[in-house]
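Subject: Handing over the structure, with notes

Dear colleague,

I am passing this structure on to you, and I would be glad if you could look through it before reading my notes. The notes come after it.

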Amino acid sequence: MIQEFIRPEGVQEAMELIAEDRQAAFFAGGTCINHARCPQEVSRAISLEALGLDHITCTDTTVSIGATVTLQQLIDSPLIPRSLQQAAAGLYSRNVRNMATIGGNIAAGWKHALLTPVLAALEAQLLTGNGESIPILAYEGSSKLLITSVVLKTDQRYCSSSIYRRSSGSAPKVQVAVSCRTDMTDPLVIISGLHATVRSLKEFGPVFTAARSSSEPVPLILDALGTLDPIDEDIHCSRDFLRYTSARLIAEGIRSCAGGAR
Ligand SMILES: Cc1cc2nc3c(=O)[nH]c(=O)nc-3n(C[C@H](O)[C@H](O)[C@H](O)COP(=O)(O)OP(=O)(O)OC[C@H]3O[C@@H](n4cnc5c(N)ncnc54)[C@H](O)[C@@H]3O)c2cc1C
């Protein structure tokens, strides 16, 4: 239970406060920390509110998103790629989207984190409180390393993201993001929901090329997914169903990228 709420006014101060106490945690929107199922024991909340991390800025080729920008602000900003906006809209409640932040979504490290697959497909880099820049999939959830902003190169990739879920209010079962360079090379296929962590499918290039020019891409993609580690199944979705659904979503993503989706 949170017993102390501290509002540091600078990144350095926030990092020192978190290092002092094992039961301290950064507090951004609070939607995860205050969630009844939050696994974290937090007695001291270090608020990120006064750190000035709530801006979206851009250059000709990049967009930089402060860690405390909310999911609703992503949807409302004309600077944000459509694929990321669609992923943010996957959180069905506008009230929660008004509080939940991009930094919190990444750092919480949920198996079903809505934004991580599409950010990985867009090759997002995270800037951290100690001045480093790291690829998003290298960030370890709950590591207490402060994310200060997320940087995307906006001109280089087509990208599409889609979700399968059982109802609008339930957590996604499978989420897929597909991207490629604008000359259709260097495809990336990122999947969450099948394993404990978000996965980037390796060596998908030949399958991407074959599927792009095929009128029946799903069987080709299903074959490629056959080499994955055993998929987590549950009472609602068998392994075969999850594999087939993933193949359908990947096929859709490839088609959208070929059509120039951003
Ligand atoms: C009803 C409901 C439904 C939800 N559905 C989904 C869903 O479908 N998919 C999904 O992904 N999430 C879902 N969530 C979880 C949550 O809302 C999001 O993951 C949200 O983006 C978390 O952001 P936050 O700012 O509220 O994080 P917080 O709760 O403030 O923090 C979450 C974790 O991240 C850490 N943290 C926060 N910001 C930073 C930072 N900048 N640097 C380092 N660490 C940081 C905190 O210390 C904490 O460990 C849901 C939540 C609710 C209440």
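Predicted model: local features only at pLDDT ≥ 70, side-chain atom pairs only at ≥ 80, totals over all residues.

Residues are numbered from 1 along each chain as its sequence is written. Helices (H or I, at least four residues) and strands (E, at least two) are DSSP runs, numbered from the N terminus.

**The ligand**

There are 32 residues around the ligand, and those that come nearest are Gly29, Gly103, Gly104, Asn105 and Ala107; a residue is counted as near if its C-beta atom, placed from the backbone, lies within 6 Å of the molecule. Two or more residues of this shell are given by each of strand 2 (24–27), helix 4 (94–99) and helix 5 (102–108). Helix 5 provides the largest share, 5 residues. Sorted by class, the shell has 20 nonpolar residues, 12 polar ones and no charged ones, where Ala, Val, Leu, Ile, Met, Phe, Trp, Tyr, Cys and Pro count as nonpolar, Asp, Glu, Lys and Arg as charged, and the others, Gly among them, as polar.

Strand 1 is joined to strand 3 (residues 44–47) by 3 bridges, and the two run parallel; glutamate 4 has arginine 44 in strand 3 as its bridge partner. Contact here is taken to exist if the C-beta atoms of two residues, placed from the backbone, lie within 7 Å, and axes are lines fitted to C-alpha atoms, for helices over the stretch in contact, with angles running from 0 to 180 degrees between N-to-C directions.

Strand 6 (residues 125–128) pairs with strand 8 (residues 147–153) in the antiparallel sense over 4 bridges; leucine 127 has serine 149 as its bridge partner in strand 8, and leucine 126 has valine 150. Strand 6 is also joined to strand 7 by 3 bridges, again antiparallel, and there glutamine 125 is partnered by proline 135. The hairpin of strand 6 and strand 7 has 4 residues between the strands, and glycine 131 takes a positive phi near 90 degrees in it.

Two packed helices are described by the angle between their axes and the distance between the axes. The axes of helix 7 (residues 205–212) and helix 8 (residues 217–225) come within 9 Å and cross at roughly 165 degrees, which makes helix 7 roughly antiparallel to helix 8, a term used for angles over 145 degrees, just as 65 to 115 counts as roughly perpendicular, under 35 as roughly parallel and the rest as oblique. Val207, Ala210 and Ala211 of helix 7 meet Pro217, Leu220, Ile221 and Ala224 of helix 8, and the residues of this contact divide into 7 nonpolar, no polar and no charged.

Helix 7 and helix 9 (residues 239–258) have axes that come within 10 Å and cross at roughly 75 degrees, and the two helices are therefore roughly perpendicular to each other. Phe208, Ala211 and Arg212 of helix 7 meet Ala251, Ile254 and Ala258 of helix 9; this contact has 5 nonpolar residues, no polar one and 1 charged.

Helix 8 and helix 9 pack at an angle of about 125 degrees with their axes 9 Å apart, and are therefore oblique to each other.

With best wishes

Definitions and conventions
Pairing = 2+ DSSP bridges.
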